[in-house]
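The exercises below are to be worked with the sequence and the three-dimensional structure at hand.

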Amino acid sequence: MTTTVKATLMTMAAAITSMGAAAQDDYYDGHVHLTNYVQEGLTAREYLDVVGERVRRSVLFGIPLQMHWSHRVTGNIAPTYYLDADTDLYYYSFNDAYIAQQYMSLTESEQQRFEPMITGFNPADSYAADHVRRVLQTFPGVFSGIGEFTIHKEFVSAKVAGDVASLLDPAVDKIFEFCAESGLVAIMHNDIHMPFVKPEGRRVYFEQAKALLKRHPDATIIWAHTGLGRVVQPVEGHLAMIEEILADPELEHVYFDLSWSEVAKYVVATPETTRLTAAFLEKYPDRFLMGTDNVALDTPEAAYAVYESYRPLWNSLSPETSELVRKGNFARVFDQAAKDVRAWEKANPARR
């Protein structure tokens, strides 16, 4: 991003803050799941009732993977999470139609609070990009992006039936090529390193991911959770790895989201980790988006819990940077995506 554009964003954020609109209690949620691993959860309208006016804008997506309930394995105990049983996960493409239906059932003013995302594709399948195109043309005027979709994820990847997704797979390149063509934002989950990694393996996934991202400079891509998870914890040099991307002029199209309670634990673990993270965001204020990674939560207290766990971070940021991370970057990225995708849909109507 150019210095001029960055200065403009900071000026806008300062103006909004000075008007009292940002008391560091409101935010836009750039990463939230309406449904869980058995496709159960809230309706879109119920979600709005839960978060109220505190979360004026959110992405809208479910979970593309369905847990297999095998009576032979767990009997009458129905698994609802990927760690609940040893059975496979499989892609559940109907999720996209469900999300579209949820969005279209809302009033126009309610729709303006959501950015629906396409998730029901298998990134190990070279037909995945065709699925995304088909969904866009079937539900014009609805979707702004794809994801969260998973390539490497601790515990999950090995449980998915069929081929394992890979950063080296041309199927993923085809997905990002279509995102560049259509303007769709992509939210990608990929562990930044292997679980229980040894020093010699720390950069394997990272180097593969960086090469993939460089191959698609015209696609807007958000790397979820800064690449972290339960087992994939920050290793020495984690922020330096992230900075390799943020400081590279060939990767200005790449963003990161600060989502998931697991990531929050790392950020606020000590005053020093909070200080280092805050300094990092101040250096790159236009490249991070707030997200909760909530899954089908049905009370305000639960819905706000991840955001509240980041409170030491918000208190450590300048008002301008806090405003951008909490809301401004979301608005800029998704407003542009919606404009571009609507133009693509107009130029590429479905064949009747």
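**Exercise 1.** Does R203 count as buried, partly exposed or exposed, and what is its relative accessibility?

*Solution.* The model is a predicted one.

Step 1. Locate the residue: R203 belongs to the loop between β7 and α8.

Step 2. Apply the cut-offs: a residue is buried under 20% relative accessible area and exposed over 50%, and partly exposed in between. The relative accessibility of R203 is 33%, so R203 counts as partly exposed.

Step 3. Examine the surroundings. Apart from its neighbours within four places in sequence, R203 has contacts with K210, M241 and E244. M241 is 38 residues away from R203 along the chain, yet the C-alpha atoms of the two are separated by 8.7 Å.

**Exercise 2.** Describe how helix α8 packs against helix α9, giving the angle, the handedness and the residues in contact.

*Solution.* Two packed helices are described by the angle between their axes and the distance between the axes.

Step 1. Helix α8 covers residues 204-214 and helix α9 covers residues 238-246; their axes come within 11 Å and cross at roughly 15°.

Step 2. Angles under 35 degrees count as roughly parallel. The helices α8 and α9 are therefore roughly parallel to each other.

Step 3. The crossing in which α8 passes α9 is right-handed. From α8, the contact involves F206, K210 and L213, and from α9 it involves M241, E244 and I245. Sorted by class, these are four nonpolar, no polar and two charged residues.

**Exercise 3.** At what angle do the axes of α7 and α14 cross, and which residues of the two helices meet?

*Solution.* Step 1. The axes of α7 and helix α14, the latter spanning residues 319-347, come within 8 Å and cross at roughly 90°.

Step 1. On the α7 side, F178, E181 and S182 take part, and they meet D340, V341 and W344 of α14. By class, the contact between α7 and α14 comprises three nonpolar, one polar and two charged residues.

**Exercise 4.** State the order of the strands in the open sheet of seven strands, and explain why one side of β2 and of β10 is left without a neighbour in the sheet.

*Solution.* Step 1. The order is β2-β5-β6-β7-β8-β9-β10, and the pairing is parallel.

Step 1. The strands β2 (58-60) and β10 (288-290) are at the edges, each with a single partner strand, so one side of each has no neighbour in the sheet. From one strand to the next, the twist averages 30°.

Step 2. Consider individual pairs. Strand β5, residues 114-118, is paired with β6 in the parallel sense over two bridges, and M117 stands opposite G145 in β6. Strand β6, residues 145-150, runs parallel to β7 and is joined to it by five bridges; here F149 stands opposite M188 in β7.

Step 3. Determine how well β7 is covered. Strand β7 comprises residues 185-189, and five of its five residues are buried. Both of its faces are covered: one side carries V185, I187 and H189, and the other carries A186 and M188.

**Exercise 5.** Which peptide bond is cis, and which residues have a positive phi although they are not glycines?

*Solution.* Most residues other than glycine have a negative phi, and most peptide bonds are trans.

Step 1. The peptide bond from G147 to E148 is cis, with omega near 10°. E148 is part of strand β6.

Step 2. F155, which is not a glycine, has a positive phi of about 70°. It is located in the loop between β6 and α7 (170-182), and its relative accessible area of 39% makes F155 partly exposed.

Step 3. A296, likewise not a glycine, has a positive phi of about 50°. The loop between β11 (294-295) and α12 (300-309) contains A296.

**Exercise 6.** Is N36 buried or exposed?

*Solution.* Step 1. N36 is found in the loop between β1 (32-33) and α2 (44-51).

Step 1. The relative accessibility of N36 is 15%, so N36 counts as buried.

Step 2. With residues up to four places away in sequence not counted, N36 touches I63, V295 and A296.

Conventions. Residues are numbered from 1 along each chain as its sequence is written. This is a predicted model: local features need pLDDT of at least 70, side-chain atom pairs count only at pLDDT 80 or more; totals for chains, interfaces and linings use all residues. Side-chain values use heavy atoms; hydrogens and water are left out. Axes are lines fitted to C-alpha atoms, for helices over the stretch in contact, and angles run from 0 to 180 degrees between N-to-C directions. Helices (H or I, at least four residues) and strands (E, at least two) are DSSP runs, numbered from the N terminus. Angles under 35 degrees count as roughly parallel, over 145 as roughly antiparallel, 65 to 115 as roughly perpendicular and the rest as oblique. A crossing is left-handed if the near helix is turned anticlockwise from the far one by less than a right angle, and right-handed if clockwise. Contact means heavy atoms within 4.5 Å. Ala, Val, Leu, Ile, Met, Phe, Trp, Tyr, Cys and Pro count as nonpolar, Asp, Glu, Lys and Arg as charged, and the others, Gly among them, as polar. Buried means under 20% relative accessible area, exposed over 50%, partly exposed in between (1.4 Å probe, protein chains only). Two strands pair if DSSP finds at least two bridges between them.
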